[in-house]
Amino acid sequence: MVNPILKTNLNYPLLHRGKVRDVYDLEENLLLVSSDRLSAFDVVFNEGIPRKGEVLTQLSLFWFEKTKHIIKNHLVNNFPKDFPEEMKKRSVIGVKTKPVKLECIVRGYLTGSGWKSYQKDGTICGIKLPLNLKNGSKLPEPIFTPTTKAEQGHDQDVTEDKAIEIVGQKTFDFVKRKSIELYSFAEEYARSKGLILADTKFEFGEYNGEIILIDEALTPDSSRYWLKSDYDKGKLLSLDKQFARDYLETLNWDKKPPAPPLPEEIIEKTSKRYLQAYNFLTGKNL
Ligand SMILES: Nc1ncnc2c1ncn2[C@@H]1O[C@H](COP(=O)(O)OP(=O)(O)OP(=O)(O)O)[C@@H](O)[C@H]1O
Ligand SMILES: [Mg+2]
């Protein structure tokens, strides 16, 4: 296996180091470099997952291309002249936008935090759902369940009224409509490739008076994909971090930092799993 890249140190001003990506300032543009860092339960691990950053970047590029008939995106393809060749496959350059202050989550299936919320009071983000749904149930139609973009701490679910208060009616209507359109398109496509896209998150930004798709799109880090063959057997195994999560559940770990070490076997399986996601969706090997 190749060595994972845990941290990048490129020769541009570093704006931000996220859990997974390092963001650099290229004046008019932003450079988003996906490292091989793995986060699970919001904790970043000491070990990396070889090639994960490459998979995330290449899948984002794949989906940006496939969805450009639905909405414009932030991609620009001009790497600076001195840009290190080996970093290109894990890097995306986007125009700098003014981000819309919502994480635009769409759910076609009930699971994860949506399932938790439903179990409490039968709703997600104030949307009333049918009775008797189970973890993994397909929803009658995709729902828009935005959260705040918290600078610190966890993002919070918001109701439609609250979301409108944050971004305004016009922007809300637009990002809601586009998010559902994008999800529905990707869900159908993924299903034709043997995957269920249970839910996903989009981010939008304003550029020259227009709202465009930014950040990453429909990657295993921003989405929950299940193998259709697993789903049909009643198993809800997400295609990305499930090996790591399952392993962590066998430990007596409180899900708080510091992260426990990940065994070599789990790292290798997780890396293969990311590559498999790429293969399923694109029909190609990376
Ligand atoms: N074109 C763009 N214009 C402005 N901001 C952008 C653009 N594309 C992405 N961003 C912002 O870049 C940031 C990426 O950093 P972020 O902290 O999300 O990294 P991450 O590795 O995804 O970590 P996390 O797991 O915490 O989300 C986000 O705040 C996102 O809104
Ligand atoms: Mg992010």
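1. The centres of domain 1 and domain 2, taken over C-alpha atoms, are 20 Å apart. Domain 1 covers 14-97 + 239-282 and domain 2 covers 101-232; these bounds come from an automatic or database domain assignment. This is a predicted model, in which local features need pLDDT of at least 70 and side-chain atom pairs count only at pLDDT 80 or more, while totals for chains, interfaces and linings use all residues. Residues are numbered from 1 along each chain as its sequence is written, and chains are lettered from A and ligands numbered from 1 in the order in which they are written.

2. The contact between the domains takes 21 residues from domain 1 and 25 residues from domain 2. Residues are in contact here if their C-beta atoms, placed from the backbone, lie within 7 Å. On the domain 1 side, α1 (52-66), β7 (91-95) and α7 (264-282) are the elements that give two or more residues. Helices (H or I, at least four residues) and strands (E, at least two) are DSSP runs, numbered from the N terminus. The largest share of that side, five residues, comes from α1. By class, the side has 13 nonpolar, six polar and two charged residues; Ala, Val, Leu, Ile, Met, Phe, Trp, Tyr, Cys and Pro count as nonpolar, Asp, Glu, Lys and Arg as charged, and the others, Gly among them, as polar.

3. Which members of the largest nonpolar core touch the most other members? They are Leu195, Ile196, Phe204 and Tyr225, out of 50 residues. The core lies between domain 1 and domain 2, because both give residues to it. A nonpolar core is a set of buried Ala, Val, Leu, Ile, Met, Phe, Trp, Tyr and Cys residues joined through C-beta atoms within 7 Å. Buried means 20 or more other C-beta atoms within 10 Å of a residue's own, exposed 12 or fewer, and partly exposed in between, with C-beta atoms placed from the backbone. Leaving aside neighbours within four places in sequence, the contacts of Tyr225 include Ala190, Leu195, Pro220, Leu239 and Ala277. A second, separate core has seven residues, among them Tyr24, Leu30, Leu31 and Val92.

4. The axes of α3 (residues 160-167) and α4 (residues 169-192) come within 7 Å and cross at roughly 120 degrees. Axes are lines fitted to C-alpha atoms, for helices over the stretch in contact, and angles run from 0 to 180 degrees between N-to-C directions. Ala163, Ile164 and Val167 in α3 meet Gln169, Thr171 and Phe172 in α4. This contact has four nonpolar, two polar and no charged residues.

5. Tyr183 also lies in helix α4 and counts as buried, with 25 C-beta neighbours inside 10 Å. Not counting residues up to four places away in sequence, Tyr183 touches Val106, Gly108, Pro142 and Thr200.

6. Most residues other than glycine have a negative phi, and most peptide bonds are trans. Asp42, in the loop between β4 (37-40) and β5 (43-48), has a positive phi of about 65 degrees. Asp42 is exposed, with 11 other C-beta atoms within 10 Å. Lys255 has a phi near 65 degrees and lies in the loop between α6 and α7. A cis peptide bond joins Pro257 and Pro258, with omega about 0 degrees; Pro258 is found in the loop between α6 (242-249) and α7.

Key
Contact = placed C-beta atoms within 7 Å.
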